[in-house]
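Student: I'm new to this one. Could we go through it together, one question at a time?

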Amino acid sequence: QVQLVESGGGLVQPGGSLRLSCAASRSGFLINAMGWYRQAPGKERELVAHITNGGSTNYADFVKGRFTISRDNAKNTVYLQMNSLEPEDTAVYYCNAVARRIGYTSTVGYWGQGTQVTVSS
């Protein structure tokens with residue numbers, strides 16, 4: 001199993017910054033891509049940013065230039081540095097990992113429990 005534990009959410013004023021972390025425990029599994037999604041009240045969950053184990057990144061248009069995703073493969077941890085936060089960024093942020101059991105080719109997606117980010121004055 002792969003377990004993901006997020007941290008770093010909270011309340012911040014518009015224009016402020018937060019850094020989210022997601023630590024993965026992966027006994028018997030290899031993690032391919034990791035990413036961050038978010039879900040605001042009444043809206044569907046959406047991709048925020050994505051990073052492969054080779055370091056290739058992909059961002060949603062609404063965060064380009066403001067958010068940066070990074071990964072420490074040795075620590076099995078992915079980060080999301082969020083700058084210039086706006087009230088529209090308020091949501092529960094979820095960590096996602098795509099992993100496969102060692103010796104197998106099929107992959108499975110795993111989710112963290114989510115961390116609340118609130119941007120408000």
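Student: In which sense do β5 and strand β6 pair, and over how many bridges?

Tutor: Keep in mind that this is a predicted model. Strand β6 covers residues 57–59, and one of its residues, Tyr59, is the bridge partner of Ala49. The two strands, β5 and β6, pair in the antiparallel sense, over 3 bridges.

Student: Which residue takes a positive phi in the hairpin of β5 and β6?

Tutor: Look at the stretch linking the two strands, which has 5 residues.

Student: How many bridges join strand β4 to strand β5?

Tutor: Strand β4 spans residues 29–39 and strand β5 spans residues 46–51, and they run antiparallel. Met34 has Ile51 in β5 as its bridge partner. These strands form a hairpin too, with 6 residues between them and a positive phi of about 80° at Gly42 in the turn. The count of bridges joining β4 to β5 is 5.

Student: How far apart in sequence are the parts that Cys22 and Cys95 tie together?

Tutor: The sulfur atoms of Cys22 and Cys95 sit 2.1 Å apart, within the 2.5 Å cut-off, so the pair counts as a disulfide. Cys22 belongs to strand β3 and Cys95 to strand β9, so the parts they tie together are separated in sequence by 73 residues.

Student: Are Cys22 and Cys95 buried or exposed?

Tutor: The cut-off here is under 20% relative accessible area for buried. Cys22 falls in that class, and Cys95 does as well: both are buried.

Student: Why is the disulfide of Cys22 and Cys95 called left-handed?

Tutor: Check the torsion about the S-S bond of Cys22 and Cys95. The disulfide is left-handed because that torsion is about -80°.

Note on methods:
Residues are numbered from 1 along each chain as its sequence is written. This is a predicted model: local features need pLDDT of at least 70, side-chain atom pairs count only at pLDDT 80 or more; totals for chains, interfaces and linings use all residues. Side-chain values use heavy atoms; hydrogens and water are left out. Helices (H or I, at least four residues) and strands (E, at least two) are DSSP runs, numbered from the N terminus. Buried means under 20% relative accessible area, exposed over 50%, partly exposed in between (1.4 Å probe, protein chains only). Two strands pair if DSSP finds at least two bridges between them.
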